[in-house]
Number of protein chains: 2
Amino acid sequence: MVNETQHPCSASSSSRSDGSSSGSESSKDNSRCSTPVLDADRHERLREKMRRRQDAGDKWFSLEFFPPRTANAAVNLISRFDRMGAGGPLFIDVTWHPAGDPGSDKETSSMIIANTAVNYCGLETILHMTCCNQTKDDITGHLQKAKRLGLKNIMALRGDPAGEEWEEEVDGFNYAVDLVKHIRNEFDDYFDVCVAGYPKGHPEAESYEADLRHLKEKVFAGADFIITQLFFRPETFLKFMKDCQAIGITCPIIPGIFPIQGYHSLRQLVKLSKLEVPQEIKDVIEPIKDNDAAIRSYGVELAVSMCRELLDSGMVHGLHFYTLNREVATTEVLKRLGIWKEDPRRPLPWAVSAHPKRRVEDVRPIFWASRPKSYIYRTQEWDDFPNGRWGNSSSPAFGELKDYYLFYLKSKSPREELLKMWGEELTGEESVFEVFTCYITGEPNRNGYKVTCMPWNDDPLATETNLLKDELEKVNRRGILTINSQPNINGKPSTDPIVGWGPSGGYVFQKAYLEFFTSSEIVTALLKVLKKYEQRVNYHIVNVKGQNITNAPDLQPNAVTWGIFPGREIIQPTVVDPVSFLSWKDEAFALWIEQWAKLYEEESPSRMIIQYIHDNYYLVNLVDNDFPLENCLWQVVEDTFELLN
Amino acid sequence: MVNETQHPCSASSSSRSDGSSSGSESSKDNSRCSTPVLDADRHERLREKMRRRQDAGDKWFSLEFFPPRTANAAVNLISRFDRMGAGGPLFIDVTWHPAGDPGSDKETSSMIIANTAVNYCGLETILHMTCCNQTKDDITGHLQKAKRLGLKNIMALRGDPAGEEWEEEVDGFNYAVDLVKHIRNEFDDYFDVCVAGYPKGHPEAESYEADLRHLKEKVFAGADFIITQLFFRPETFLKFMKDCQAIGITCPIIPGIFPIQGYHSLRQLVKLSKLEVPQEIKDVIEPIKDNDAAIRSYGVELAVSMCRELLDSGMVHGLHFYTLNREVATTEVLKRLGIWKEDPRRPLPWAVSAHPKRRVEDVRPIFWASRPKSYIYRTQEWDDFPNGRWGNSSSPAFGELKDYYLFYLKSKSPREELLKMWGEELTGEESVFEVFTCYITGEPNRNGYKVTCMPWNDDPLATETNLLKDELEKVNRRGILTINSQPNINGKPSTDPIVGWGPSGGYVFQKAYLEFFTSSEIVTALLKVLKKYEQRVNYHIVNVKGQNITNAPDLQPNAVTWGIFPGREIIQPTVVDPVSFLSWKDEAFALWIEQWAKLYEEESPSRMIIQYIHDNYYLVNLVDNDFPLENCLWQVVEDTFELLN
């Protein structure tokens, strides 16, 4: 009768004790999490997540990427992480390219791409690492750096010997198993370790059986699971899996799936991996080798049917995709298999980071809602993240944002596109109002270009903000330049497709919020109007010099998004915080200059218009505390315009 | 334009900075409270509270009590503290009786009565202390003990010399000023210090003027405010106050008000204080000296008119009442003056303790809702109190409750009364059901006695529980023996007279809660029914041996009362916590034996019935997570009875 559940804080199961000790003792030595576990995933390591999915009978997938060659390609890859991350991969992995300075701080290095995936895209990530031709110190250095960056998973590989005449080094890292042992010796159980399996045997192995024995050695040296090399027939994998089990390999074995995407990429991969393409596939492909679309379509069919067979076997719970950094084919296969999450549930209203230090983080200021990567960047040095209550944060200091051009923070659009959207030439403040208005309405600007991003928001309007579209359009036209807003919500189900977040069975709430830049003339009128709303509306009004006007009591944060869930404490993930608003203010004003003014020549009229706004406008935020009533903020703005007329 | 507000964490005012430093710095050195300040009072020391009330133009009162002579009188005095505390005194004070071992651990000592007032009744308390005829070490010891117990305020007095022939001791404590200096020397600014003022001059002073100079010395030695000896005419006090100000005494001076309550008490007090009763009062009293009611009525009139004159003078903001440990006269004066709080706003749904360590405490398990003093007792050794989130508590171990007979924990009713209420002789479990039912309905039991308390609740049914009266009656009749419950509330104003708490302008919420003892037969049926409600209802079911059945996820607490306030983080003062439920279980089961079974002879049938229930029943709690819907817990119980039939 006693209910036993898996404890989300640890791998061990902590059952309720039957006939337990007396209460006064049992309350001492409980192993309860100190944070509410809305999303059990966040508190598990990769091998636990894998096990839990398997126990629950949930099928999952993972995605492999290689580091890009150029900085621009890195920007694109990060957007791809965000888009493909939305489909719900259990993890992604980033390959290790010894020739590309993989452990360096370059924006194209394996290390930095993996770091970005974990910290800024919130993806569980495996970093590949090869050991051949490297010193112990090099390898330890890479692993230490990976740990420091919050990476928790390593794929331990031998790598290709550099020269033709490779010879074993005594005491060197000659095989992947040496790297596995080294990781376990030096880092104990910190990392989850993955190793490669070869369904056809490693090309250099003496035999298939010898290769299986090597694999077993790697597993027994401490690997947690196996990802296989690609293969072309499901029976190849299923036989391999049975053979592994027969010699005592019991850890998860994840098949590597390669959806054929083109004739040349197939040939190249086959050459590298020394595999042979089966005749039945060659027969189809050779005649259509110049028709990319046809090959891709065939590749998708083939992958779908192979994956189905694998999943139907009952032996396979997860599928690993070699994406070649492309989206279309893999996404299509996943959608057809029905394991791409069409409606990913948000664990919190903002994208959580996968850094282990941030596991407890469950409250953030609303200001960075559209700039989560910047928020993560500016708080990366925090020792503790606020948990439950913003005021508890013991490290409230924000790092300065000087690096507007870090590839994971910068606009996805090049300068020319931005100029088309925001105006090659501005004629006055009014033309700035127009840009804001076009961003809200989604209609083309006077030159026929749609405004799909703004300095404060690199993406089109959020679905939730769309609910406020008509009102936002009206106020932006008149110089209330909105950069952040949310409607009030009085207890919608947590599964609501637009405003929902967290597990099902809960209720979510919001206070209406509006944040905008506006002129001092409007601010003067607004302040008079706000007197009428003193009990109801909290405001913060600040200019670039830091002049600060507020009616917030005692520097307390105001919770503006919260959720009530079955069997949980209250979660309040978003607050309006008077103190961090001043840090946000610096960033919000700087974006006028860094992202907009600098598009124009110095001393040009356009640049001077933006500079004028930067120097003279105020940044305002308003919260309507009466969330059960109709949002009064539009009335506040209406009253302000009336007063001005 | 910049809003300046008093910071509730400190006496100094922390204005918003105009033209402040940049955000990244300002977020470092802010002096924001680490806890939300729902009730600024809790974070202020007495002298700050006094100042804030004065600045706001709020009139206030305080109440003086003396320690009782017997343990029974102590029980009564504590109930009086609870009742008179509800009227909203700014503080109470407890006099120091050198003859009564005032610093001891006896339940009638000044120290223990003051300790109880602070910790268990949540009252800001001043402990009197006299110094004459005591050694420095004695006094330091008393002060250290007071500090340890959480007392923050001392009234420093000389006290009456023990012998007739009192002589100054060299280096001894001869005057109150010596004690003030000692407190400041040894305890710095820890205590707020009060001293006595004599509107007619101290009877032993050389002159009125000399006495004023002594008073000034006491103030300049470090006293924070003055409470005066009683007086009979308002002009006596007003003249005294002006004379004080004239010689440079600027601290608050609080008039001591003595409502005449009887002929003899007046005579005695006058004798002790060496005051003279004015002729106009004597003229009224002498003819009616044997008519207590008439004298009290006159005393109330006199006090009301004097207080009105004092308050109308604009010089007086607070009134100090010499209660003589009686309620009626003082309460009547306060009600007629309009400063008795008729509808005291609850800062939180439970009574907060005034111990400085507990200032941040803002969440408790619901189980002790009717036994707050026991909760405070069992958590008195905690170093940190949970703040914002129950799971944050770093000291979750509950002390054992062995001392059921501590005077502040024990039932207010004597054994004979309890027997009348709960039955001189029980005939079976059914007669126990009847007792529970009579407690709920408020109707007399079969012997004609009303059941006004239960072992788990020393007071009649709370107004809030009354909302559930009909349903509770039905289920108790059938053996669901309820000891705690609350209705679901979906966003009522925080000013709601029944379920409201916290400052105005907020909204309060509750999940429906039901806690009861019941037989294993009913539990078996209940568990079957609960399967249908798996997503909706969380339950904990435990017997005295600790067998524990629950569907609570991950040992997480479930917030069952929370409030949303303007400009604040969410407050969730009450949780159902799986871990502390096991500590509560020990107490709840023990109360069957300690409070009920032990009323009967050993081996008597009545005692064996209670013992049987204690040994075999289960303690059950149920939470309906769907607070916006109609409470389903009654349906759960209904379904259970249907299944049993």
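**Exercise 1. Asp101(A): buried, partly exposed or exposed?** Classify Asp101(A) by its accessible area.

*Solution.* 
Step 1. Asp101(A) has a relative accessible area of 41%, so it counts as partly exposed. The model used here and below is a predicted one.
Step 2. Asp101(A) sits in the loop between strand E2 (91-94) and H4 of chain A.
Step 3. Check the backbone. Asp101(A) is not a glycine, yet it has a positive phi of about 55 degrees.

**Exercise 2. Helix H6 of chain B.** Compare the reach of H6(B) with the expected span, then find what its buried residues pack against.

*Solution.* 
Step 1. H6(B) covers residues 176-187, twelve residues in total.
Step 2. At 1.5 Å a residue, 16 Å is expected. From first C-alpha to last, the helix reaches 16 Å, close to that value.
Step 3. List the buried residues. They are Ala176(B), Val177(B), Leu179(B), Val180(B), His182(B), Ile183(B), Arg184(B) and Phe187(B).
Step 4. Recall the geometry. An α-helix has 3.6 residues a turn, so residues three or four places apart point the same way.
Step 5. Name the partners. The buried residues of H6(B) pack against helices H2 (46-56), H5 (136-148) and H7 (208-220), and against strands E3 (125-130), E4 (153-157) and E5 (192-197) of chain B.

**Exercise 3. Helix H21 of chain B.** Why does the end-to-end distance of H21(B) agree with its number of residues?

*Solution.* 
Step 1. H21(B) spans residues 633-644, which is twelve residues.
Step 2. At 1.5 Å a residue these should span 16 Å; the end C-alpha atoms are 17 Å apart, so the two agree.
Step 3. Find the buried residues: Leu633(B), Trp634(B), Val636(B), Val637(B), Asp639(B), Thr640(B) and Phe641(B).
Step 4. These pack against helices H17 (469-477) and H18 (520-532), and strands E13 (512-518), E14 (537-543) and E18 (618-624) of chain B.

**Exercise 4. Leu127(B) in its strand.** Decide whether Leu127(B) is buried or exposed, and list what it touches.

*Solution.* 
Step 1. Leu127(B) lies in strand E3 of chain B.
Step 2. Its relative accessibility is 0%, so Leu127(B) counts as buried.
Step 3. Leaving out residues up to four places away in sequence, Leu127(B) touches Val94(B), Trp96(B), Ser110(B), Met111(B), Ala114(B), Ala146(B), Leu151(B), Asn153(B), Ile154(B) and Met155(B).
Step 4. Thr95(B) is 32 residues away along the chain, but the C-alpha atoms of Leu127(B) and Thr95(B) are separated by 6.5 Å.

**Exercise 5. Asn551(A) and its polar contacts.** Which groups does the side chain of Asn551(A) reach?

*Solution.* 
Step 1. Asn551(A) is in the loop between strand E15 (548-550) and strand E16 (558-564) of chain A.
Step 2. Its relative accessible area is 9%, so Asn551(A) is buried.
Step 3. Its side chain makes a polar contact with the side chain of Glu534(A), at 3.2 Å.
Step 4. The side chain of Asn551(A) also reaches the backbone nitrogen of Tyr539(A), at 2.9 Å.

**Exercise 6. Two domains of chain A.** Describe the contact between domain 1 and domain 2 of chain A.

*Solution.* 
Step 1. Domain 1 of chain A is 51-261 + 292-337, and domain 2 is 364-644.
Step 2. Count the residues. Domain 1 of chain A gives twelve residues to the contact and domain 2 gives eight.
Step 3. Take the area. Between them the domains of chain A bury about 950 Å², 67% of it on carbon and sulfur atoms.
Step 4. Find the main contributors. In domain 1 of chain A, Val75(A), Glu107(A) and Tyr120(A) lose the most area to domain 2, together 59% of what that side buries.
Step 5. Count the salt bridges between domain 1 and domain 2 of chain A: one.

Terms used. Residues are numbered from 1 along each chain as its sequence is written. Chains are lettered from A and ligands numbered from 1 in the order in which they are written. This is a predicted model: local features need pLDDT of at least 70, side-chain atom pairs count only at pLDDT 80 or more; totals for chains, interfaces and linings use all residues. Side-chain values use heavy atoms; hydrogens and water are left out. Helices (H or I, at least four residues) and strands (E, at least two) are DSSP runs, numbered from the N terminus. The expected span of a helix is 1.5 Å times one less than its number of residues. Buried means under 20% relative accessible area, exposed over 50%, partly exposed in between (1.4 Å probe, protein chains only). Contact means heavy atoms within 4.5 Å. Domain bounds come from an automatic or database domain assignment. Buried area is the accessible area (1.4 Å probe) that two parts lose on being put together, summed over both. A salt bridge is a side-chain nitrogen of Lys or Arg within 4 Å of a carboxyl oxygen of Asp or Glu. A polar contact is a pair of N or O atoms within 3.5 Å; within protein, one must be able to donate a hydrogen and the other to accept it, and residues adjacent in sequence count only if both atoms are side-chain atoms.
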